[in-house]
Amino acid sequence: MGKPTLRSLVDPDDMEAVWNEAAHLLLLMSPRLELAAAQAAYQDMRRLFAGRYPGWRACNTEYHDAHHTTDTLLATARLMHGAWVSGTRFTDQELLVAVISAVFHDAGYIQAEGDTEGTGAKYSACHEERSAAFLREYLRSSGRQDDDSGLCESLLLCTGLHADIAAIHFAPGNFKLLGQMLGTGDLLGQMAARTYLEKLLFLYHEFQEGNIPGFTDEFDLRQKTFGFYEATRRRLAQDLGGVERYMLPHFRARWGIDRDLYAAAIEQHLEHLRRVIAQGRDKYRDLLRRDGVTAKLARLHERISSAS
């Protein structure tokens, strides 16, 4: 039997399996936790991204998609469990706020029903604020306590790549820690995902539509991913409080694995990316053929060409 991987533990393509694992971790931390609201939020997120939530279109961003959201949720839940194993105790409200914030942290990429121009990528620069606005209305319509809205918003804002965590107001308790965990889970979830390198092709086009500067083409973004990784390491260690340290105690306690599988997956991606870059601009895609990404990219280019 080979070394365990994130995928061998929980299939990220099976959204029910992801929820079941997250719910299991929550109940390990609080055996009497009432999960109905968190599970409803998870299912409503799936409906939202699939275009089955009233008033909203289906997700049409291939990088910031439903799978990225479930990757973020699972990574965040694992960090929380690792902290719990290490002695931190969360209230039931803190656990529920963290889950609801995680499942809707990228709702800001979803377009309203009457918004038919372009894709949700045009909101890249302001999607955190749009996510918070969506969540405020969601919580209101769900009859949740008014203060949950502000608690969720403080956590959501931590997912902004350039968010000043020190400037965000957090309620007393573990909410700052949970915000740092959500920000960390957002980064680790995407960078450790099996299709991360392929999906970077989509990220470039999201940046283009969202007027995010700094990249001349898909290949340029790939080359600059190494710089992004170094900047991410600094952000994880400083602004986000180094909470990735809780991954190892999670894997030890939950699976008996003495290894941080997120760190291992990210290092493997970087090694492969070096080989990809070495192919040069003309051939780099030859090493990026997985899970229908090539076909999706061809459709994206066709749509861009027809719109120009």
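1. A word on terms before the details: contact here means heavy atoms within 4.5 Å. Please also keep in mind that this is a predicted model.

2. Let's begin with helix α5 (residues 92-103) and helix α8 (residues 175-192), whose axes come within 10 Å and cross at roughly 30 degrees. Angles under 35 degrees count as roughly parallel, and α5 and α8 are therefore roughly parallel to each other. Their crossing is right-handed.

3. Which residues in α5 and α8 meet? From α5 come Q93, E94, V97, A98, S101 and A102, and from α8 come F175, L178 and L182. The residues of this contact of α5 with α8 comprise six nonpolar, two polar and one charged.

4. Helix α8 also packs with helix α12 (residues 261-278), at an angle of about 50 degrees and with the axes 8 Å apart. That angle makes α8 oblique to α12, and the crossing of the two is left-handed. On the α8 side the contact is made by L188, G189, M191 and A192, and on the α12 side by Y262, A265, I266 and H269. By type, the residues of the contact of α8 with α12 divide into six nonpolar, two polar and no charged.

5. Finally, have a look at H67, which is found in helix α4 (residues 66-85). H67 has a relative accessible area of 29% and is partly exposed. Setting aside neighbours within four places in sequence, H67 is in contact with P12, D13 and M15. The C-alpha atoms of H67 and P12 are separated by 7.3 Å, although the two residues are 55 residues apart along the chain.

How values were computed: Residues numbered from 1 in each chain as written. Predicted model: local features only at pLDDT ≥ 70, side-chain atom pairs only at ≥ 80, totals over all residues. Heavy atoms only, no water. Axes fitted to C-alpha atoms, helices over the stretch in contact; angles between N-to-C directions. Helix = DSSP H or I, 4+ residues; strand = E, 2+ residues; numbered from the N terminus. Parallel < 35°, antiparallel > 145°, perpendicular 65-115°, else oblique. Left-handed = near helix turned anticlockwise from the far one by under 90°. Nonpolar A, V, L, I, M, F, W, Y, C, P; charged D, E, K, R; others polar. Buried < 20%, exposed > 50% of the residue type's maximum accessible area, 1.4 Å probe, protein only.
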